[in-house]
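This report describes a ligand site and the pocket around it. Please examine the structure shown here before reading on.

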Amino acid sequence: MSTRPIFVVAGVGNASGTGAATARLFSKAGYRVALIARDAKSLQDLASQLSESGGEARPFVIPSYAPQAIRDTFSAIRKQWPKEKGNEIRAALWNAAAVVWKPFLETTDEDVKEGLEVNVAAAFAFSREIIREFKTNGLNELGKRGTLLFTGAPASVRGDVTTSSFAAGKFGERALSQSLSKEFGKDNIHVAHAIVDGYILTDRQRASHDSSWETNHDVRLDPESIAKAYLYLANQDRSAFTWELDLRPAHGSL
Ligand SMILES: NC(=O)c1ccc[n+]([C@@H]2O[C@H](COP(=O)([O-])OP(=O)(O)OC[C@H]3O[C@@H](n4cnc5c(N)ncnc54)[C@H](OP(=O)(O)O)[C@@H]3O)[C@@H](O)[C@H]2O)c1
């Protein structure tokens, strides 16, 4: 039986961004991967791709990021890889985000509700499941029980002219990560947040930039480079845990 640690990532989109790049890198580093996202086809394709490259990955399609759906997904992960058979979740990434960029007076009740539900309430539900899992782990060779990572944005620390709703949610996610890092550091659980301060080379950003942006490595973030920072965090030992990283391309930020 394989006893490789499990990495859980929520938010894989169409597999062109940070969620998928991190899944690929953690898989290469020896983790089994539980992929959570809403689009069944992208998830299945990514899981097959990881398995074909020698990894072990399973897709867990989620209908929405409602707290109950997150709890149900963890039950499904545990059905796939039961704890009593020695399967341990050792790393996790909360990468999903409901992104609303609108002037304040155009921001609807629905935008605010969705932003707070996905960026805050769902992040709470995901963290609760992960922290409960980590608490059942013994200490590993790094002296920790697990690493919980959050993808932040400039809106995690700064409101702007079109981010009243988005920033409210991202501030909440960052506050959650900081609180968890303090509360559960004492249990040797490592919680870290990354402010990703720039546009990431995803299919969506490709479509909204001209081709010079895509080919200029100085001005955009590669998902693979963010994934490297996440693996570095997961490999930190208990004597020096980073809570927050600030990542930006060489020539600037958002
Ligand atoms: N792209 C950028 O330029 C940029 C810049 C700074 C920070 N970020 C942060 O990076 C993370 C996303 O990573 P990524 O941009 O590289 O793309 P990604 O890995 O492809 O992930 C996109 C994520 O957005 C989720 N999503 C989009 N709309 C949503 C909605 N209405 N409700 C729930 N989930 C929604 C997708 O969920 P499904 O997987 O379920 O489809 C997916 O998790 C977010 O935390 C974002 O704040 C992005």
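## Lining of the largest pocket

The lining of the largest pocket comprises 22 nonpolar, 18 polar and 9 charged residues. Here Ala, Val, Leu, Ile, Met, Phe, Trp, Tyr, Cys and Pro count as nonpolar, Asp, Glu, Lys and Arg as charged, and the others, Gly among them, as polar. The model is predicted: local features need pLDDT of at least 70 and side-chain atom pairs count only at pLDDT 80 or more, while totals for chains, interfaces and linings use all residues. Residues are numbered from 1 along each chain as its sequence is written, and side-chain values use heavy atoms, with hydrogens and water left out.

The volume of this largest pocket is about 1400 Å³. Among its 49 lining residues, N95, A97, V99, F166 and R204 are the closest to the centre. Helix α6 (203–208) provides the largest share of the lining, 4 residues.

## The ligand and its shell

The ligand takes up the space of the largest pocket. Elements giving two or more residues to its shell are α1 (18–28), α4 (109–135), β5 (146–152) and α5 (164–185). In total, 26 residues surround the ligand (a heavy atom within 4 Å), the closest being G11, G13, T18, Y65 and E114. This shell divides into 12 nonpolar, 11 polar and 3 charged residues.

## Polar atoms at the ligand

A side-chain N or O atom of T18 lies 2.7 Å from a ligand oxygen atom. A polar backbone atom of A97 is 3.1 Å from a ligand nitrogen atom, and a backbone N or O atom of T151 is 3.4 Å from a ligand oxygen atom.

How values were computed
A polar contact is a pair of N or O atoms within 3.5 Å; within protein, one must be able to donate a hydrogen and the other to accept it, and residues adjacent in sequence count only if both atoms are side-chain atoms. On a 1 Å grid over the protein atoms alone, a cavity is a set of points where a 1.4 Å probe fits but cannot get out, and a pocket is an open set with protein on both sides within 12 Å along at least five of seven lines; lining residues have an atom within 4 Å of a point. A molecule sits in a cavity or pocket if more than half of its atoms lie within 2 Å of its grid points. Grid points are joined across faces, edges and corners, and a volume is the space filled by probe spheres set on the points.
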